[in-house]
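Below is a colleague's note on the structure, arranged as numbered points to be read beside the sequence and the coordinates.

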Amino acid sequence: MMLTLSTQLNTYLIIGAILFGFGIFGLVRRPSLIGMLIAVELVLSGASVNFMAFNRFLAPDPTVGQIITLFIMAIAAAEAAISLSIVIAVYRNYKSIEVEDLVELKG
Amino acid sequence: MNPSLFSPEGLAGVIFLILIGVTMIGAIIATCTKRLIRSVSGLAVCFVGVAGLYYFLNSPFVAMMELLIYVGAVCVTIAFAIMLAEPDEAKLARKMSGLSGGLAAVCGGAVSFALGYAAVNGQWMAPATQVNDGSLKMIGASLLTKYSMVFELISIVLLAAIIGSVALARAGRRGN
């Protein structure tokens, strides 16, 4: 039973759900911007696992999910580059990357 | 239907279980450690596990891309950013304890449970026929025919990201 898990759709869907849940967990828990970015990468990876699982088991055209996953990877790389340069710019101005410290616009 | 442990299918099943373990342990390390550099190492471990899962899903190309882009590029970039902007460890450790940990566990657990419940109880229809085998050749053909517009757009997005990140990271340097 345990050894045939790789041929069942539900296994992959539950792994994707757990990765997504870990991402949300880290997003709420982390006090720093880089920690939140790491959590966002986990969320994106959970979504990709779901796409690939549906692609393997349910899609009539099994290239679609793989292409969507490749696009998610490209978006994730662009997002990581942009947000890290924002983090560097924030660090230069505030000498901190804590979310709590970014309160200049607060009235 | 149960394969024995030492048949090829059984060994593949054992490797699959190990990959699930690697993914979960990586996700736990990525979210639960105090120091960010350990967290990014956990993220890399988690992505190695996810690449193995993609291999089991019949797409070695996407598995290789996962290793190349996520482990090779994204994790290394995050590690550089951590070295450039090291957060204050004592302050971080003080803020991590308290209410936000419990709130985070409730949020993550609720989202995870809801998604898992929907996945297990959903009625999924298997397709009647598959129009191709999902091989690398087919991916290349549909990237250059059906999805060529998206392919071009994604390269523009990447170009904009490169220019934007260079501009953002350069803007603050002038004063120093």
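Aromatic contacts, a salt bridge and a pocket

1. A:Arg56 lies over the face of A:Phe57, 4.7 Å from the ring centre; a charge is taken to sit over a ring if NZ of Lys or CZ of Arg is within 6 Å of the ring centre and within 35 degrees of the ring normal. The neighbouring topic is the ring itself: A:Phe57 belongs to one aromatic cluster with A:Tyr12, B:Phe16 and B:Phe56. Over all chains there are seven aromatic pairs, a pair being rings of Phe, Tyr and Trp (its six-membered ring) whose centres lie within 6.5 Å.

2. A word on the basis of these values. This is a predicted model, in which local features need pLDDT of at least 70 and side-chain atom pairs count only at pLDDT 80 or more, while totals for chains, interfaces and linings use all residues. Residues are numbered from 1 along each chain as its sequence is written, chains are lettered from A in the order in which they are written, and side-chain values use heavy atoms, with hydrogens and water left out.

3. The count over all chains comes to one salt bridge, defined as a side-chain nitrogen of Lys or Arg within 4 Å of a carboxyl oxygen of Asp or Glu. The side chains of A:Asp61 and B:Lys146 meet in a salt bridge at 3.5 Å, N to O. A:Asp61 lies in the loop between α2 (33-57) and α3 of chain A and B:Lys146 in the loop between α6 (136-144) and α7 of chain B, so the pair joins two chains. Helices here are DSSP runs (H or I, at least four residues), numbered from the N terminus.

4. In chain B, the loop between α2 (36-56) and α3 holds B:Asn58, and phi of B:Asn58 is near 70 degrees, a positive value in a residue other than glycine.

5. Chain B is assigned domain 1 (1-88) and domain 2 (134-176), with bounds that come from an automatic or database domain assignment. The centres of these two domains, taken over C-alpha atoms, are 24 Å apart.

6. Which residues lie nearest the centre of the largest pocket? Among its 19 lining residues, they are A:Ala81, A:Ser85, B:Ser165, B:Val166 and B:Ala169. Domain 1 (1-88) and domain 2 (134-176) of chain B each give at least three residues to the lining of the largest pocket.

Terms used
1 Å grid on protein atoms, 1.4 Å probe; cavity = no way out; pocket = protein on both sides within 12 Å on 5 of 7 lines; lining within 4 Å. Phe/Tyr/Trp six-rings, centres within 6.5 Å; stacked < 30°, edge-to-face > 60°.
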